[in-house]
Amino acid sequence: MKSTRKSQRRKSRKAKKVRSSLRAKRSLRGMLKRAFRKFLPDRIFAHLDAHGNTDWSLSVLPFVALFFALSNESTLAERYDMARDIAAFWFPNEFLATTYRGFMKALVRHNGVLVKIVSDQLRTRMLLLSGNEGMVAGLIPFAVDGSKVAAPWTKANEEKLGKKGRKPKGKKCQRKETDLRPQLSLTLLWHVPLGLPWAWKHGGLAEGERTQFRDLLSVLPKNALIIADAGFVGYDLWNTIKDGGRHFLIRVGANVELLHSLVPGCDIQRDGAIVWLWPDGQRKQAAPPLKLRLITIQKGRQTWHLVTSLLDPESLSETQAATLYGKRWGIECGFRTLKKTYECGKMRSYTPECAGAELDWSLLSLWMVSLLTKEELHEAKIDPECYSPAAARKLIRRELRRQAEGKEQLDVSELQTAVKDSYKRKSSKTARHDQRKKHDPPPKSPRFKKATTAQRQAAKLLEQSQAKAA
């Protein structure tokens with residue numbers, strides 16, 4: 001009898017130790033509500049003043065917008081109802097609009113400043129998490145690319161987001177210009193080492209991705225290395241990047257003409273060749289030629305022609321260039337995660353302002369959940385590349401449904417289980433039908449041209465005039 005009581009006491013003491021250790025771990029990492037509040041503390045919104053006659057607290061509105069974006073209800077009103085129930089559990093004494101219209105009106109009014117504050121906060125945490133990992137020659141690699149996000153075909157969206165399509169070529173063609181469906185053009189900056197968004201800009205179809213990218217340059221740190229495909233080319237764009245002290249690694253195609261032998265004895269025989277970009281229009285305006293290094297890489301059946309502003313092969317070798325450009329594909333996976341995994345391939349709002357705000361908070365919700373999960377993986381010393389967006393989204397949405405009912409169960413340490421499957425597949429995941437896939441041909445080789453005598457003389461005169469001015 002005594003031995004039984006002693007064993008029971010030992011078991012109870014052991015159970016208490018286990019519970020106390022779990023409480024200690026939980027207090028270190030915290031429940032989901034504590035983790036989200038730590039990401040977005042009240043102090044970062046303290047300087048904001050709510051305009052107009054709204055009763056919304058601007059420290060509460062971002063959380064409601066995140067819950068709204070993470071909800072997967074069938075209608076916008078139902079998504080807001082769920083977001084409001086969660087917010088009522090988190091902020092029992094705060095004002096919450098009773099209707100979706102009231103919420104969206106307040107969100108659109110304050111969207112720009114709130115998105116900037118939340119983005120700055122997430123970027124700060126990203127820099128702390130990544131440290132110097134993934135840097136090349138002291139530079140942080142960022143990928144940039146564009147995509148399209150559909151919007152409802154309403155009159156307001158059509159006027160601001162849509163545009164006229166091109167008339168088909170051919171003399172016998174009777175078709176006229178057609179109205180394209182309203183879409184948001186999205187240009188995204190992608191932090192390559194962490195595989196997370198960094199910044200974005202969206203607008204109507206009339207806005208080009210290069211124009212949007214120019215507006216995003218100021219958000220990049222000075223030690224940024226921009227990686228892009230053949231759509232981000234141009235003398236003015238590359239000069240703008242260089243003038244900001246940043247560098248680039250960009251693929252070029254037949255839409256670019258590169259000069260060689262412009263300056264005698266400037267060709268690098270190892271690990272790339274020196275070329276110049278000097279359009280006739282810039283030469284006539286006495287603008288200097290843009291000096292670049294060309295790196296040619298054979299990748300299977302494809303040939304990559306990459307140009308970089310890093311002229312020293314010691315700073316960026318051919319192997320590093322091939323690896324970095326291959327990692328650019330991570331941004332394409334990011335677009336797929338947004339559109340398919342998070343089911344945000346089409347916005348549901350009927351006005352362009354609301355559709356833009358909906359897209360902003362869809363991206364912010366993806367960004368925040370991914371960053372939170374990767375921090376937990378880093379804490380558990382698990383490779384962040386094993387991160388599964390679908391598993392993390394499933395855990396977060398399940399917990400938010402519980403919190404809409406006034407319950408809280410998820411400890412953020414459970415996000416350490418949001419990893420990809422480790423088993424080996426016995427069959428391919430490729431679908432039998434690929435009608436929806438794009439089969440764009442790869443860029444052709446750039447046009448190489450030997451510099452003419454006139455071009456060499458103009459370059460020499462320009463160099464002499466610059467030397468005298470200095």
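The model is a predicted one, so local features are reported at pLDDT of at least 70 and side-chain atom pairs at pLDDT 80 or more, while totals for chains, interfaces and linings use all residues. Numbering starts from 1 along each chain as its sequence is written, and side-chain values rest on heavy atoms, with hydrogens and water left out.

Buried here means under 20% relative accessible area, against over 50% for exposed and partly exposed in between, with a 1.4 Å probe and protein chains only. Helices (H or I, at least four residues) and strands (E, at least two) are DSSP runs numbered from the N terminus. In α8, the buried residues are Y235, L237, W238, N239 and I241. After α8 comes G245, with a positive phi near 80°.

Aromatic rings turn up in pairs across the model. A search of the whole structure gives 15 aromatic pairs. Rings of Phe, Tyr and Trp (its six-membered ring) pair if their centres lie within 6.5 Å, and planes under 30 degrees apart count as stacked, over 60 as edge-to-face and the rest as tilted. F63 and W90 have ring centres 5.8 Å apart and planes at 55°, so this pair is tilted. It ties together distant parts of the chain, with F63 in helix α3 (residues 61-70) and W90 in helix α4 (residues 76-90), 27 residues apart. Both F63 and W90 are buried. For F142 and W198, the centres are 5.1 Å apart and the planes at 65°, so the pair is edge-to-face. Here too distant parts of the chain are linked, with F142 in strand β1 and W198 in strand β3, 56 residues apart; F142 and W198 are buried. One aromatic cluster is made up of W56, F68, Y80, F95, Y100 and F103.

Charges meet rings as well. K33 lies over the face of F89, 5.0 Å from the ring centre, and the charged end of R125 sits over the ring of F39, 3.9 Å from its centre. The test asks for NZ of Lys or CZ of Arg within 6 Å of the ring centre and within 35 degrees of the ring normal.

D145, in strand β1, counts as buried at 5% relative accessibility. Its side chain makes a polar contact with the side chain of R328 (3.3 Å). A polar contact is a pair of N or O atoms within 3.5 Å; within protein, one must be able to donate a hydrogen and the other to accept it, and residues adjacent in sequence count only if both atoms are side-chain atoms. Leaving out residues up to four places away in sequence, D145 touches several others, including L186, E209 and F335.

D360 sits in helix α12 (residues 352-379) and is buried, with a relative accessible area of 8%. Neighbours within four places aside, D360 is in contact with N111, V115, W200 and H202. The side chains of D360 and W200 make a polar contact (2.8 Å). D360 and H202 are 158 residues apart in sequence, yet 8.8 Å apart in space, C-alpha to C-alpha.

Technical notes
Contact means heavy atoms within 4.5 Å.
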